[in-house]
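I am opening a notebook on this structure. The entries below record what I looked up.

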Amino acid sequence: MQKGHLLYEGKAKSLYATDEPNVIWMTYKDDATALNGARKTAFANKGRLNNQISTLLFHYLEKNGVQTHLLETLSETEQLVKKVDVIALEVVVRNVMAGSLAKKLGVAEGAVLAEPIVEFYYKDDALDDPFINEDHIRFLGLATLAEIAELKTVAHTINALLQERFKAANIELVDFKIELGRLADGSIVLADEISPDSCRLWDSETKQKLDKDVFRRDLGDLVSVYEEVLRRLTA
């Protein structure tokens, strides 16, 4: 497999073409961003840690029936993934009141939700990735009514599996965001990554933050926190 030209440069990953039209070469970067990219810092080994954590979790999800784009982990920072037409939505699942939802509703962080909440955000940097509803999604032509229902079902399935996996590592899955996309045959699969960059994780007992909030809120060393998450998941 040969690595080709750059297709896309994102905040945390770069995508390259390969000599196979339906295979993408994905590289994790050491950059950490906040405020929709307005704040940016590089942390040595962050890309390696996110690659390892995401690979571990994607394999776990696949073993439990969730289709993903992951084909092969090539190195500490590189993967081969299936080419997907990414749906321009961030699908967010919330189990505990925190972050923007707590601010929006004026509720203190930490309240466990009676049932998970699924939210959709339109992936558009120029618009600051606004929150949108199902009617907006259909108006924009991003997904059909049946596909929206499938996105929610997949999100709930992933949430239940991840909650179980993190609980075994003494970590509470507060919330997370995922991206999904369509393969050439139209089937919807999990894409992008699942890591402390895309999840809000707390220690189950102390509620210590084990995710990118450490960077967002200047709470400590990001890399050591990510290393702790990987250590617990592989213990």
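Is D218 buried or exposed? I looked it up in this model, which is predicted. D218 is exposed, since its relative accessible area is 59% and the cut-off for exposed is over 50%.

Next I checked where D218 sits. I found D218 in the loop that lies between helix 5 (213-216) and helix 6 (222-234). I also noted its backbone: D218 is not a glycine, yet its phi is positive, at about 55 degrees. Most residues other than glycine have a negative phi.

I then turned to D192. This residue is not a glycine either, and its phi is positive, at about 60 degrees. I placed D192 in the loop between strand 13 (188-191) and strand 14 (199-203).

My next entry is on strand 7, residues 78-82. How many of the five residues of strand 7 are buried? I noted four, so strand 7 is largely enclosed by the rest of the structure. Buried here means under 20% relative accessible area.

I looked up the pairing partners of strand 7. Strand 3 (residues 23-28) pairs with strand 7 in the antiparallel sense, over five bridges. Strand 6 (residues 70-73) also runs antiparallel to strand 7, and three bridges join the two. I noted that strand 6 and strand 7 form a hairpin, with four residues between them.

Last, I asked which residue in strand 7 stands opposite I24. I found V81 there. V81 in strand 7 also has L70 opposite.

Technical notes: Residues numbered from 1 in each chain as written. Predicted model: local features only at pLDDT ≥ 70, side-chain atom pairs only at ≥ 80, totals over all residues. Heavy atoms only, no water. Buried < 20%, exposed > 50% of the residue type's maximum accessible area, 1.4 Å probe, protein only. Pairing = 2+ DSSP bridges.
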